[in-house]
Amino acid sequence: MSANVVTAENVERTITAFTRLDQRGDKKAMNKLAQRLQKEQPFLLQHAAAVRTEHGDAVGEAAVFYATLVWAMFDRGRDGTLPRLTGQNLADADKVVTEALSTIEGLADKPPQDRVAPALVASQPHIYAKLAELLTEDVKEAAMTADTAGAIIKPTEVVIEAFDAALAGRRPGERQGTLVADSKVGRNEPCPCGSGKKFKKCHGELGA
């Protein structure tokens with residue numbers, strides 16, 4: 001299995017961390033996470049938020065949340081910051097996903113969580129397995145409608161493909177400031193990611 005495949009353990013750790021934040025109602029920590037994402041992955045946010053134009057605010061928010069979750073899964077456990085996705089990478093990823101899905105017969109008749117292509121799933125099996133589980137659960141518990149799930153599944157797949165391609169070197173991402181786990185950055189020193197915040201208030205806090 002490729003070294004770029006996100007492990008099942010890191011997928012579960014990400015879900016646990018997000019669940020804990022949600023249960024605590026920790027708006028401050030979630031806002032910090034959102035600010036970091038906006039700085040590090042602006043094109044990812046634009047890509048996800050574009051769903052809002054066609055499907056409305058609720059669907060747009062769901063798309064952004066799932067894109068954020070995917071980013072966090074790729075980000076967790078890495079020694080350095082992820083490559084910044086470019087608009088071109090995301091556009092190319094959209095073409096890859098569209099082409100892969102076009103080979104699936106009866107795609108529109110499948111439940112949203114099953115609207116995936118085996119070739120895409122093989123690239124990041126643990127992320128796709130969790131994505132299917134979460135969408136199924138959200139629809140079952142009426143956290144979102146099946147139509148919403150159907151609208152956000154493809155944009156989420158595009159984000160997965162874009163990160164996978166950037167890490168594997170199939171398509172480039174922009175290099176960002178590298179954060180090495182043992183870099184001995186002081187907690188009160190500026191974070192190496194370039195956010196302007198102290199390390200303890202940025203990657204020192206969110207990387208735990």
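User: Hi! I'm new to this one. How many residues does helix H1 have, and what does it reach from its first C-alpha to its last?
Analyst: Welcome! In this predicted model, H1 runs over residues 8-24, so to speak of its length: 17 residues, reaching 24 Å from the first C-alpha to the last, close to the 24 Å expected at 1.5 Å a residue.

User: Which residues of H1 are buried?
Analyst: They are Asn10, Val11, Thr14, Ile15, Ala17, Phe18 and Leu21. These residues cover an arc of only 160° around the axis, which puts them on the same side of H1.

User: And what does the face turned away from that buried side carry?
Analyst: That face of H1 carries the exposed residues Glu9, Gln23 and Arg24.

User: What do the buried residues of H1 pack against?
Analyst: They pack against three helices: H2 (27-40), H4 (57-75) and H7 (125-140).

User: What follows H1?
Analyst: Gly25 follows H1, and its phi is positive, near 65°.

User: Let's zoom out. How many helices and strands does the protein chain have?
Analyst: The chain has nine helices and zero strands. Read along the sequence, the pattern is α-α-α-α-α-α-α-α-α.

User: What percentage of the residues is buried?
Analyst: Buried residues make up 44% of the 208 residues in the chain. The accessible surface comes to about 10900 Å², and 51% of that belongs to carbon and sulfur atoms.

User: Is H4 mostly covered or mostly open?
Analyst: Mostly covered, with 14 of the 19 residues of H4 buried. As for length, those 19 residues should span 27 Å at 1.5 Å a residue, and the end C-alpha atoms of H4 are 26 Å apart, which agrees. H4 is followed by Gly77, whose phi is positive, near 85°.

User: Now H7. Which of its residues are buried?
Analyst: Ile127, Tyr128, Lys130, Leu131, Leu134, Leu135 and Asp138. Seen down the axis of H7, they fall within an arc of 165°, so they line one face of the helix. H7 has 16 residues and reaches 23 Å from first C-alpha to last, close to the 22 Å expected at 1.5 Å a residue.

User: What do those buried residues pack against?
Analyst: The buried residues of H7 pack against H1, H4, H6 and helix H8 (146-168).

User: Where does Ala142 lie?
Analyst: Ala142 lies in the loop between H7 and H8. Phi of Ala142 is near 60°, a positive value in a residue other than glycine. Most residues other than glycine have a negative phi.

User: Why does Ala142 count as exposed?
Analyst: Because its relative accessibility is 63%, and exposed means over 50%.

User: One more loop: where is Arg115?
Analyst: Arg115 lies in the loop between helix H5 (87-101) and helix H6 (118-123). Its C-alpha atom and that of Gly150 are separated by 8.2 Å, though the two are 35 residues apart along the chain. Not counting residues up to four places away in sequence, Arg115 touches Leu101, Leu107, Ala108, Lys110, Gly150, Ile153 and Glu157.

User: And Thr98, where does that lie?
Analyst: Thr98 lies in helix H5. At 35% relative accessibility, Thr98 counts as partly exposed.

Technical notes: Residues numbered from 1 in each chain as written. Predicted model: local features only at pLDDT ≥ 70, side-chain atom pairs only at ≥ 80, totals over all residues. Heavy atoms only, no water. Helix = DSSP H or I, 4+ residues; strand = E, 2+ residues; numbered from the N terminus. Expected span 1.5 Å × (residues − 1). Buried < 20%, exposed > 50% of the residue type's maximum accessible area, 1.4 Å probe, protein only. Arc of directions from axis to C-beta. Contact = heavy atoms within 4.5 Å. Areas by Shrake-Rupley, 256 points an atom, 1.4 Å probe, with all protein chains shown as cover.
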